[in-house]
Amino acid sequence: MTTSSSERGVSLGMPGLPAPAYPDDVRARLETDAREIIARYPDSRSALLPLLHLVQSEEGHVTRTGMKFCADTLDLTTAEVTAVATFYTMYRRRPSGDYQVGVCTNTLCAVMGGDEIFEELQEHLGVGNGETTDDNKVTLEHIECNAACDFAPVVMVNWEFFDNQTPATAKRLVDDLRAGRPVQPTRGAPLCTFKETARILAGFPDERPGAVEASVSAGPASLVGLRLARGEAAPARVVHPRDGGPHDEPQDGAVHEPSPTEHLSSHDAPQDTSASDPAHPSPTTARDGGASPRPADTAGPAAEEGE
């Protein structure tokens, strides 16, 4: 008895069937939205990224039908659309959950506990990277950077911040998401579903009451450099350990006000240089426009030649 190549799971490289079209009512609605998006750009091709978010808001991921819609609308080939949809990680290529839970595993978050959080969430949820729970509520993934290093380790849910996480708080977070309990991001707008988030990313207004006003930018620690550049006084202080310790606030509740000579951390403290430490000057070279200086008591051929 023989088995066919399809039964063995072997692909012969045969082209797949054409992508099915959207139902007429869905296509009409998407075409109206697409015209609004395209009108924002002098070149219609520039509308491809928001159009991919638009079709993602329809089905929760970018399907072949969605890519064909984008190609037909913008007069592109499906290969051109596919090249973009597979390049950017914010476009999902397979069904996803209502909540995309991304754990930063880049360097700083990783050493602060991000790797541990990701490993424990995989075990807790019973899914691997990029996989979705059986109830279609949570899709777990590791991401390279959440751009919030001053709050490491950081978890994002549908691109909203959950700062200073631990394995325990992260597990409680996903449990609340799956149970439908209200969850409030550390910063930013209230959570909405991934499909709703995709529509907002397509450029349509977030019409939920108070959502726009709740949106925030960088956290306070990220803005210290900007304040210094503007000439404002920095609220400098050494960050306290997470588990308490000798740097805790005074028992009477008094807050230490740093002097202008104090710095955010030991990394910012001034270091000895040729300018600040005259006893150890930095030698100049011909590249600097001068000869290397020699101490006054230098002996040897150079001293003899000057006599």
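**Confidence.** I began with the pLDDT of this predicted model. The protein chain has a mean pLDDT of 77, and 67% of its residues reach 70 or more. I then looked up the elements at the two ends of the scale.

**Whole chain.** I counted the elements next: the protein chain has 10 helices and five strands. Of its 307 residues, 32% count as buried. The chain exposes about 19,400 Å², and carbon and sulfur atoms supply 54% of that area. I took contacts between residues at least 6 apart in sequence and found that 62% of them join residues at least 24 apart.

**Helix 2 and helix 4.** I asked myself at what angle the axes of helix 2 and helix 4 cross. They cross at roughly 80 degrees and come within 11 Å, with helix 4 covering residues 78–85. Angles from 65 to 115 degrees count as roughly perpendicular, and the two helices are therefore put in that class. I listed the residues that meet: Leu-48, Leu-49 and Leu-52 on the side of helix 2, and Val-81, Val-84 and Ala-85 on the side of helix 4. By class, this contact has six nonpolar residues, no polar ones and no charged ones.

**His-53.** I stayed with helix 2, residues 48–59, which holds His-53. Is His-53 buried or exposed? Its relative accessible area is 9%, and the cut-off for buried is under 20%, so His-53 counts as buried. I left aside neighbours within four places in sequence and looked for what His-53 touches. The contacts are Met-90, Tyr-91, Ala-198, Leu-201 and Ala-202.

**Helix 3.** I went on to helix 3, residues 64–74, and wrote down its buried residues: Thr-65, Gly-66, Met-67, Phe-69, Cys-70, Ala-71 and Leu-74. Which helices do the buried residues of helix 3 pack against? I found helix 1 (24–38), helix 2 and helix 4. Just after helix 3, I noted that Asp-75 takes a positive phi of about 60 degrees.

**Thr-82.** This residue is in helix 4. I read a relative accessible area of 28% for Thr-82, which makes it partly exposed. I also took the separation of its C-alpha atom from that of Ala-71, a residue 11 places away along the chain, and got 9.2 Å.

**Loops between strands.** Asn-136, in the loop between strand 2 (131–132) and strand 3, has a positive phi near 60 degrees without being a glycine. At 48% relative accessibility, Asn-136 counts as partly exposed. In the loop between strand 3 (138–143) and strand 4 (155–157) I found Pro-153. A cis peptide bond joins Ala-152 to Pro-153, with omega about -5 degrees. My last entry is Asn-158, in the loop between strand 4 and strand 5 (160–162). Asn-158 is not a glycine, yet its phi is positive, at about 50 degrees. Its relative accessibility is 3%, and Asn-158 therefore counts as buried.

Key. Residues are numbered from 1 along each chain as its sequence is written. This is a predicted model: local features need pLDDT of at least 70, side-chain atom pairs count only at pLDDT 80 or more; totals for chains, interfaces and linings use all residues. Side-chain values use heavy atoms; hydrogens and water are left out. Helices (H or I, at least four residues) and strands (E, at least two) are DSSP runs, numbered from the N terminus. Buried means under 20% relative accessible area, exposed over 50%, partly exposed in between (1.4 Å probe, protein chains only). Contact means heavy atoms within 4.5 Å. pLDDT is the predictor's confidence in each residue, from 0 to 100. Axes are lines fitted to C-alpha atoms, for helices over the stretch in contact, and angles run from 0 to 180 degrees between N-to-C directions. Angles under 35 degrees count as roughly parallel, over 145 as roughly antiparallel, 65 to 115 as roughly perpendicular and the rest as oblique. Ala, Val, Leu, Ile, Met, Phe, Trp, Tyr, Cys and Pro count as nonpolar, Asp, Glu, Lys and Arg as charged, and the others, Gly among them, as polar. Accessible areas come from the Shrake-Rupley method with a 1.4 Å probe; for residues, only the protein chains shown count as cover.
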